[in-house]
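Subject: Structure handover

Hello,

Here is the structure for you to look over. My notes follow below it.

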Amino acid sequence: MTDSPRRALRRTAPLVLCVTTFLAGAGLAYATHPTAASSHAAFPPPMPPPEAVPALTRRADDVTPALDPEPTEPALEDVPSPTFAENLRDGMVITGASAHRILLFTFDDGPDARNTPRLLDTLDQLGVRAVFFLTTHRMEGRGAWAEQNREIARDIARRGHLVANHTHRHLQLPTLESDAVLEEASRADAVIAEVLGARTWLLRPPGGSRSPRVDRLLASRGYTQVLWNLGTGDPQVRDADAVVRTFTRVLAHRERSYGERGGIVLLHDTHAWSVDAVPRIVSWVRERNCALLEAGEELYDIVDDPRWFHVARGERDPSDAAPAARFDEVTLARRQGRLADETRQRCERVASR
Ligand SMILES: [Zn+2]
């Protein structure tokens with residue numbers, strides 16, 4: 001890194017986007033203006049001290065953004081073994097809003113023996129890494145099914161993807177008593193820690209269902225919620241064509257209506273058609289890049305790090321409107337340069353066939 005994240009942040013004009021959780025199933029609307037009023041003033045209690053279980057780590061062999069405004073925090077690319085999820089342990093809600101053409105793939109509801117292994121092979125072939133939000137009741141107990149799912153979870157982590165918490169039983173959190181909300185979250189972390197030897201601080205609420213009470217509860221335990229802004233509607237359909245169509249339609253809609261040119265993509269590795277759609281979505285993105293390169297526009301960059309979409313919570317209440325992430329422009333420019341080279345070669349190869 002040649003520039004400190006703080007300097008980079010100062011240089012970057014704040015992005016003001018209006019963000020709603022369209023297709024997010026959350027039913028909560030966000031205005032991202034930093035002064036948006038909160039419906040409740042109570043600041044959550046301070047986070048408990050870190051638990052003994054280490055945070056999940058992942059390889060640092062890719063360039064990842066330095067979005068933490070704390071200048072003492074080194075860029076991830078400079079750290080040989082980053083405690084990845086620890087950096088996001090602040091209770092903020094990540095909405096997926098981005099003014100840049102940055103895409104992060106996320107897969108919910110697994111592990112699934114019929115579909116997840118095939119998805120992992122597909123992602124390897126594509127050179128794409130993703131975030132898997134696991135529903136951990138599938139990994140608990142003595143049966144062969146649970147053991148098979150635990151092995152799949154280990155394989156997800158071994159192949160460099162990030163494992164995160166989608167609660168234990170996949171219940172709608174706002175319908176539960178507060179103790180049960182925390183139990184759903186902490187039990188999932190306990191299962192993940194037991195299977196993978198490390199815990200996560202990233203949690204996606206089932207169905208994207210939230211409430212100010214649930215937000216504060218989760219934030220009080222350090223969880224950062226990860227939503228999505230690019231739904232594919234894959235649970236509602238039965239074929240990959242429909243999934244790809246919805247993805248491209250939602251992507252165009254987010255850009256047209258909200259100025260969001262990228263975001264967090266939601267898919268489910270419990271459906272065969274969702275897995276079938278993945279190489280087609282990636283091909284579509286890479287083909288689009290040929291035209292964007294020609295036009296001298298920003299290219300779609302498939303990233304593997306939720307920090308591209310994260311804004312530090314600071315003194316904000318967890319349910320406050322989340323501002324759009326501001327980027328380390330230096331890292332962004334370097335990634336775009338590399339991507340342009342790759343895209344030029346790929347598109348020339350395709351054109352000469
Ligand atoms: Zn789910």
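His170 is partly exposed, because 17 other C-beta atoms lie within 10 Å. The cut-offs: a residue is buried with 20 or more other C-beta atoms within 10 Å of its own, exposed with 12 or fewer, and partly exposed in between, the C-beta atoms being placed from the backbone. Phi of His170 is near 65 degrees, a positive value in a residue other than glycine.

This is a predicted model, in which local features need pLDDT of at least 70 and side-chain atom pairs count only at pLDDT 80 or more, while totals for chains, interfaces and linings use all residues. Residues are numbered from 1 along each chain as its sequence is written.

**The chain overall**

The protein chain has 8 helices and 11 strands. Both are DSSP runs numbered from the N terminus: helices are H or I with at least four residues, strands are E with at least two. Of the 353 residues of the protein chain, 45% count as buried. Take the contacts in the protein chain between residues at least 6 apart in sequence: 80% of them join residues at least 24 apart. A contact here means C-beta atoms, placed from the backbone, within 7 Å.

**The loop between strand 6 and helix 4**

His170 is found in this loop, between strand 6 and helix 4. Thr167 has its place in the loop between strand 6 and helix 4 too. Thr167 is not a glycine, yet it has a positive phi of about 70 degrees. Most residues other than glycine have a negative phi. Thr167 counts as buried because it has 26 C-beta neighbours inside 10 Å.

His166 also sits in the loop between strand 6 (162-165) and helix 4 (178-196). His166 is buried, since 25 other C-beta atoms lie within 10 Å. Leaving out residues up to four places away in sequence, His166 touches Asp108, Asp109, Phe133, Leu134, Thr135, Arg204 and Pro206. His166 and Gln225 are 59 residues apart along the chain, and their C-alpha atoms are separated by 9.8 Å.

**Two other loops**

The peptide bond from Gly110 to Pro111 is cis, with omega near 5 degrees. Most peptide bonds are trans. Pro111 is in the loop between strand 4 (102-108) and helix 2 (116-126).

Asp239 is in the loop between strand 9 (230-231) and helix 6 (240-258). With 13 C-beta neighbours inside 10 Å, Asp239 counts as partly exposed. Asp239 and Ser274 are 35 residues apart in sequence, and 7.8 Å apart in space, C-alpha to C-alpha.

**Helix 4 with helix 5**

The axes of helix 4 and helix 5 (residues 212-220) come within 10 Å and cross at roughly 50 degrees. Axes are lines fitted to C-alpha atoms, for helices over the stretch in contact, and angles run from 0 to 180 degrees between N-to-C directions. Helix 4 and helix 5 are therefore oblique to each other. On this scale, angles under 35 degrees are roughly parallel, over 145 roughly antiparallel, 65 to 115 roughly perpendicular, and the rest oblique.

Ser178, Val181, Leu182 and Ala185 of helix 4 make the contact with Arg213, Val214, Leu217 and Leu218 of helix 5. By class, the contact of helix 4 with helix 5 has 6 nonpolar, 1 polar and 1 charged residues. Nonpolar covers Ala, Val, Leu, Ile, Met, Phe, Trp, Tyr, Cys and Pro; charged covers Asp, Glu, Lys and Arg; the others, Gly among them, are polar.

The buried residues of helix 5 are Val214, Asp215, Leu217, Leu218 and Ala219. They pack against strand 3 (93-94), helix 4, strand 7 (202-203) and strand 8 (224-226). Just after helix 5, Gly222 takes a positive phi of about 90 degrees.

**Helix 7 with helix 8**

Helix 7 (residues 272-294) and helix 8 (residues 329-352) pack at an angle of about 105 degrees, with axes 9 Å apart. The two, helix 7 and helix 8, are therefore roughly perpendicular. Arg286, Asn289, Cys290 and Leu293 of helix 7 meet Ala340, Thr343, Arg344, Arg346 and Cys347 of helix 8 in the contact. The residues of the contact of helix 7 with helix 8 divide into 4 nonpolar, 2 polar and 3 charged.

Best wishes

Terms used:
Contact = placed C-beta atoms within 7 Å.
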